[in-house]
Amino acid sequence: IGVKQGTNVASIDALCSIDPDTIADTANKPDDLPLGLISFKITVANPGDTATVIAYLSPAAADSAKWYKYDTINGWQDYSAHAAFSADGASVTLELKDGGFGDADGTANGIIVDPSGLAVAAAPPAPAPRPSGDGGGCFISAVSSGL
């Protein structure tokens, strides 16, 4: 994952990876976070600004992918309303508001802290095997054999 500053971003001050398995809170946690979480700290041009950053993904996101964030106050949240994936899935543009949505510190102080990441749904379970043989107790078979 790489991150590039977008609108109203004065600087990207920190970038680190977080293993989601180290977060004990599992309520609303996505099934799979294949790239883990990225946490970045950015400085915006003015306190309270809405800013954008672009995260480059490798491998590209699947069509069904969503963007999730985590913070200790709100827990796991689907952040897809503020995340726009590129047509090829190779990047996602994130919208963040200092002191508001996407800012884990919740304070309009010119700094946005955002731990978030790519989430994909787990594959649905395989269907149970169908019984084979003499009908396996099928009602129609039981009735017709007794006639």
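## A tour of the predicted model

Begin by selecting Tyr70, which is buried because its relative accessibility is 12%, below the 20% cut-off for that class. The structure shown here is a predicted model.

**Aromatic pairs.** A search of the whole structure finds 2 aromatic pairs. The ring centres of Tyr70 and Trp76 are 4.9 Å apart, and their planes meet at 50 degrees, so this pair is tilted. Trp76 also counts as buried, with a relative accessibility of 4%.

**A charge over a ring.** Select Lys69 and Tyr79 next. The charged end of Lys69 is placed over the ring of Tyr79, at 5.6 Å from the ring centre.

**A cis peptide bond.** Follow the chain onward from strand 4 and select Ser58 and Pro59. The peptide bond from Ser58 to Pro59 is cis, with omega near 5 degrees. Pro59 belongs to the loop between strand 4 and strand 5 (66-71).

**Two asparagines with positive phi.** Which backbone angle deserves attention at Asn8? Its phi is positive, about 60 degrees, although Asn8 is not a glycine. Asn8 is located in the loop between strand 1 and strand 2 (9-18), and its relative accessible area of 37% makes the residue partly exposed.

Select Asn28 next. Asn28 is likewise not a glycine, yet has a positive phi of about 65 degrees. Its place is the loop between strand 2 and strand 3 (37-44). Is Asn28 buried or exposed? With a relative accessibility of 60%, Asn28 counts as exposed.

**Confidence along the chain.** Finally, colour the model by pLDDT. The chain average is 86, and 82% of the residues score at least 70. Select residues 135-145 to end the tour: the pLDDT is below 50 over this stretch, which has 1 contact in the model beyond near neighbours in sequence.

Conventions. Residues numbered from 1 in each chain as written. Predicted model: local features only at pLDDT ≥ 70, side-chain atom pairs only at ≥ 80, totals over all residues. Heavy atoms only, no water. Phe/Tyr/Trp six-rings, centres within 6.5 Å; stacked < 30°, edge-to-face > 60°. Buried < 20%, exposed > 50% of the residue type's maximum accessible area, 1.4 Å probe, protein only. Lys NZ or Arg CZ within 6 Å of the ring centre and 35° of its normal. pLDDT = per-residue confidence, 0-100. Contact = heavy atoms within 4.5 Å. Helix = DSSP H or I, 4+ residues; strand = E, 2+ residues; numbered from the N terminus.
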